[in-house]
Amino acid sequence: MLIRGLGMVLLAELTRHFETVRERGVHRAGTLAPWQLKRIDQRLADESRPVPSVSELASLCGIGRRHLMRAFKATRGSTVMEHVERTLFARAARMLGETSIPVKSLAVSLGYERQGSFSAAFRRRFGETPRDYRARASATTLSR
């Protein structure tokens with residue numbers, strides 16, 4: 001009876017262990033674990049805080065800057081800063097389309113010191129200025 005009980009406890013502990021391993025996800029060596037990618041994406045989604053640095057993102061993942069840069073590239077195929085920029089410009093496009101926040105305020109909230117720098121970067125990415133993008137997004141919304 002004692003051996004049977006110990007066997008049941010062992011089975012329960014093994015089940016719990018493998019469930020934990022499954023939840024964390026398996027990843028290749030030299031890449032980021034799913035929980036690390038999730039932390040990065042959650043931090044980037046936090047619009048109440050300034051744009052994170054690579055050092056801050058590395059700290060969130062419990063690794064060094066250089067390791068984060070290498071592992072992120074191996075995992076997602078792009079650099080950390082490309083991912084940050086993509087996320088920020090998606091946020092900028094959404095905010096331009098949905099709010100009337102002045103472009104200058106939006107630029108500052110995204111970490112740009114000058115509106116002109118933001119506008120030039122926005123134009124490189126989307127092929128039009130933030131003001132033109134907003135006007136087009138407003139016209140599209142009105143025509144619906």
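A nonpolar core is here a set of buried Ala, Val, Leu, Ile, Met, Phe, Trp, Tyr and Cys residues joined through side-chain atoms within 4.5 Å, where buried denotes under 20% relative accessible area, exposed over 50%, and partly exposed the range in between (1.4 Å probe, protein chains only). The model is predicted, with local features requiring pLDDT of at least 70 and side-chain atom pairs counted only at pLDDT 80 or more, whereas totals for chains, interfaces and linings use all residues. Residues are numbered from 1 along each chain as its sequence is written, and side-chain values use heavy atoms, without hydrogens and water.

The largest nonpolar core comprises 27 residues, of which Leu-32, Ile-40, Leu-68, Val-80, Leu-106, Phe-118 and Phe-122 touch the most other members. At least two core residues are supplied by each of α2 (34-45), α3 (54-61), α4 (65-76), α5 (80-98), α6 (103-109) and α7 (115-126); helices are DSSP runs (H or I, at least four residues) numbered from the N terminus. Helix α5 provides the largest share, eight residues.

In α2, the buried residues are Gln-36, Leu-37, Ile-40, Arg-43 and Leu-44. Viewed down the axis of α2, these buried residues fall within an arc of 130° (taken from the directions from the helix axis to the C-beta atoms), so they line one face of the helix. The exposed residues Lys-38 and Ala-45 are carried on the face of α2 turned away from its buried side.

Phe-18 lies in helix α1 (residues 2-24) and counts as exposed because its relative accessibility is 52%.
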